[in-house]
Each structure stands twice: as structure tokens, then as C-alpha cells.
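Hi,

Here is the model I promised to pass on.

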Amino acid sequence: MVQELLTAVIAAALGVALYASIASRVVRQYERGVVFRFGRLRQGIRGPGFTMVVPFIDRLRKVNMQIVTMPVPAQEGITRDNVTVRVDAVVYFKVVDAASAIIEVEDYRFAVSQMAQTSLRSIIGKSDLDDLLSNREQLNQGLELMIDSPAVGWGVQIDRVEIKDVSLPETMKRSMARQAEADRERRARVINADAELQASKKLAEAAAVMSEQPAALQLRLLQTVVAVAAEKNSTLVLPFPVELLRFLERAAPTPSVSPGPAGPPPQDARPVPPAGPGTAVDGSTVGDSAVDGPTGAGATAALDGAAPDPAPGPPVDGPGDPVTDRTARGPGPRGPGPDDST
């Protein structure tokens with residue numbers, strides 16, 4: 001009988017040990033346990049440590065409560081200013097409600113990943129390229145709000161969202177490089193112009209001081225010669241004072257202007273026809289009473305600007321037409337001729 005009792009005790013101990021091995025569960029510190037009994041959620045979440053469930057009746061599911069780092073695949077989209085970019089990000093989230101993470105969504109990791117991708121595409125379409133490159137903090141906050149809104153009902157809390165990289169096309173990179181180079185060149189020119197303005201003011205002040213003391217200019221000239229001579233080059237510097245040039249210019253005699261001989265008449269002057277009885281200055285024929293002043297060769301010479309020739313002597317009568325000879329001699333008194341003697 002003692003042997004039978006001992007056998008029963010041993011069998012009971014083995015049964016309890018087998019039951020304990022089947023019913024015992026261990027929940028880690030970073031986990032929480034959710035128990036389902038016949039498919040229904042049991043009230044209360046099992047904390048970390050040792051716990052027991054009813055074998056073949058209860059089912060324990062462990063939920064990781066650590067912060068999960070999930071990379072978001074690179075998404076290609078078009079910004080608001082029509083630039084094609086590829087943006088990738090990373091999401092940090094954790095489960096705050098183990099029961100909701102198991103019941104409300106089938107796979108909360110996959111759900112958060114898909115929500116992050118769609119939100120990232122939406123952020124790309126609503127933002128400009130400059131915002132993606134320089135204003136990432138505000139974009140990260142907006143992306144976090146977009147992902148966190150549906151994740152609250154899943155028992156998931158979005159801890160942080162970061163945009164990792166923004167990939168641009170090569171043409172856009174070259175354009176931005178040219179823009180940055182042009183901006184740098186503009187700033188360099190402005191700084192150089194400002195330096196020239198300040199230097200000109202200082203040089204004007206120095207010139208005003210040197211004008212009071214001429215020796216200062218000579219000393220400055222000698223300093224320049226010394227600075228040039230210190231370099232090992234073949235440059236020959238011959239300083240020549242500007243004041244000496246001004247002195248020589250003032251000392252040079254002013255040439256007197258003497259009237260030269262009268263030159264020939266201008267080539268483009270209109271020729272003056274010989275004046276005679278019945279001929280005006282402009283070449284038109286007039287009567288004897290319309291011509292004022294001397295007539296004949298002397299009048300013609302006076303019009304040309306030269307001294308008039310002496311009055312011609314008495315005409316020599318020769319054979320010819322009496323009318324022609326009278327016209328050539330002019331309207332004066334006619335001397336005796338051969339015809340008169342006849």
C-alpha cells in the first residue's frame with residue numbers, strides 16, 4: 001500500500017510538472033502579453049516576468065514595446081514647382097497599447113510602413129524643392145502628423161520621422177551649381193566694389209595730406225621704388241615727377257600767330273564773268289546805266305580781290321568792223337581812226 005501511495009504521489013508530481021511546463025510562460029521586460037481564451041481577449045495585460053495560462057484553452061501573444069526603426073523606401077515624385085525628386089525617410093515608432101496593436105490591425109508594422117510611404121509621396125507633391133532641401137524640420141513635423149493620425153487607433157505612437165536624402169536629377173544639380181556660382185560671383189563683386197570705394201576714400205584723404213607736404217609724395221615714390229626693387233625681376237623703374245612736367249608745360253613759350261600770305265582763292269568759288277558794258281556781276285546782261293562803278297578789266301580785277309590794273313592806253317585802230325572796234329573800246333570817246341580821215 002505504501003508503494004501504491006508512493007507511485008500515486010510520483011504520478012501526481014509528474015502531472016503537475018507537466019502541467020506547469022505547458023502552462024508557464026515568460027514575458028520579457030520589453031514585452032507585454034495579451035491572452036486570448038477561446039478566441040476572446042482576456043482583461044488585463046500580462047506584464048514582464050513569469051506567468052501562467054491554461055493549456056489548450058488560453059493563447060498568449062507577446063507584443064514588443066521597444067521603439068522600432070523602420071526605413072521608408074525611396075519614393076519618386078514631382079514637387080509643386082515641377083521638379084522630379086527621389087526622397088527616402090526613416091520612421092521611429094513604438095506600441096503603446098498592446099491589445100489595440102493586436103486587435104485593431106492585422107500587422108501594425110506593415111500598416112505603418114505603407115502609411116509612411118503614402119504620406120511621404122503626399123509631402124513631396126505639396127512642397128517646393130527649396131523646402132525639401134532647406135526646410136526639412138517643418139516637413140518632418142508635417143510627415144509625423146500625417147502618419148500619427150491613423151496610427152493612434154492602432155495603439156502605435158509615432159516617435160519621430162526624418163527625411164534622409166533627396167536625390168535630384170543631374171541637370172538640376174548642374175543648374176543649382178551654376179546658380180550658386182553666380183551668386184558667389186555677385187557677392188564677390190559687391191565686396192570688391194565696396195573695397196574699392198573705401199580705398200578711394202582713403203587715397204583721397206592721403207592725397208589731401210600729401211598736397212600740403214610735397215616731400216611726402218617724394219618719400220612715397222621712393223618707398224614704391226624700394227618695393228619694386230626688392231623683387232627679383234627685370235623690371236626697370238624710372239620715377240619721373242609729374243610736377244616737373246607741369247613746370248615745363250608752364251615754362252614753354254607760347255608761339256605768336258603771324259598772318260601769312262594770302263592763299264589762292266577757294267577752289268569751290270564760283271567764277272566771276274568779266275565785267276563789261278551790259279554784263280552784271282552774276283553774268284546777266286544789263287544796260288549801261290545799271291552798272292555802278294568802273295567797268296572793263298579794272299572792274300574785273302577788283303571783283304577778284306587783286307589790285308586793279310592801270311587804265312589801258314588809247315586803243316589801236318586796226319582793220320576790222322567799226323562796230324566791233326567800238327564795242328571793244330568801250331563807251332568812251334573814240335579817237336580818230338582811218339575811217340574818220342576818209
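How many bridges join strand 2 to strand 5, and which way do the two strands run? Seven bridges join them, and strand 2 and strand 5 (residues 58-64) run antiparallel. Strands pair here if DSSP finds at least two bridges between them. Helices (H or I, at least four residues) and strands (E, at least two) are DSSP runs, numbered from the N terminus.

Before the rest, some housekeeping: this is a predicted model, where local features need pLDDT of at least 70, side-chain atom pairs count only at pLDDT 80 or more, and totals for chains, interfaces and linings use all residues. Residues are numbered from 1 along each chain as its sequence is written, and side-chain values use heavy atoms, with hydrogens and water left out.

Overall, the chain has 11 helices and eight strands. Of its 342 residues, 20% count as buried, where buried means under 20% relative accessible area, exposed over 50%, and partly exposed in between (1.4 Å probe, protein chains only).

Back to strand 2 (residues 31-37): five of its seven residues are buried, so the strand is mostly covered. On the strand 5 side, R32 has V63 as its bridge partner. Strand 2 also runs antiparallel to strand 3 (residues 40-41), with two bridges joining them, and R37 stands opposite R40 there. These two strands form a hairpin with two residues between them, and F38 in the turn has a positive phi of about 55°.

F38 turns up again in a nonpolar surface patch, together with L18, I22, F56 and I57; the patch has about 580 Å² of accessible area. Patches take residues with over 30% relative accessible area and no salt bridge, joining nonpolar side chains (Val, Leu, Ile, Met, Phe, Trp, Tyr) within 5 Å and like charges within 9 Å. A salt bridge is a side-chain nitrogen of Lys or Arg within 4 Å of a carboxyl oxygen of Asp or Glu. Areas come from the Shrake-Rupley method with a 1.4 Å probe; for residues, only the protein chains shown count as cover. L18 sits in helix 1 (residues 2-23) and is exposed, at 52% relative accessible area.

T51, in strand 4 (residues 49-52), counts as buried because its relative accessibility is 10%. Leaving aside neighbours within four places in sequence, T51 is in contact (heavy atoms within 4.5 Å) with A23, S24, R25, V27, R46 and L60.

Cheers
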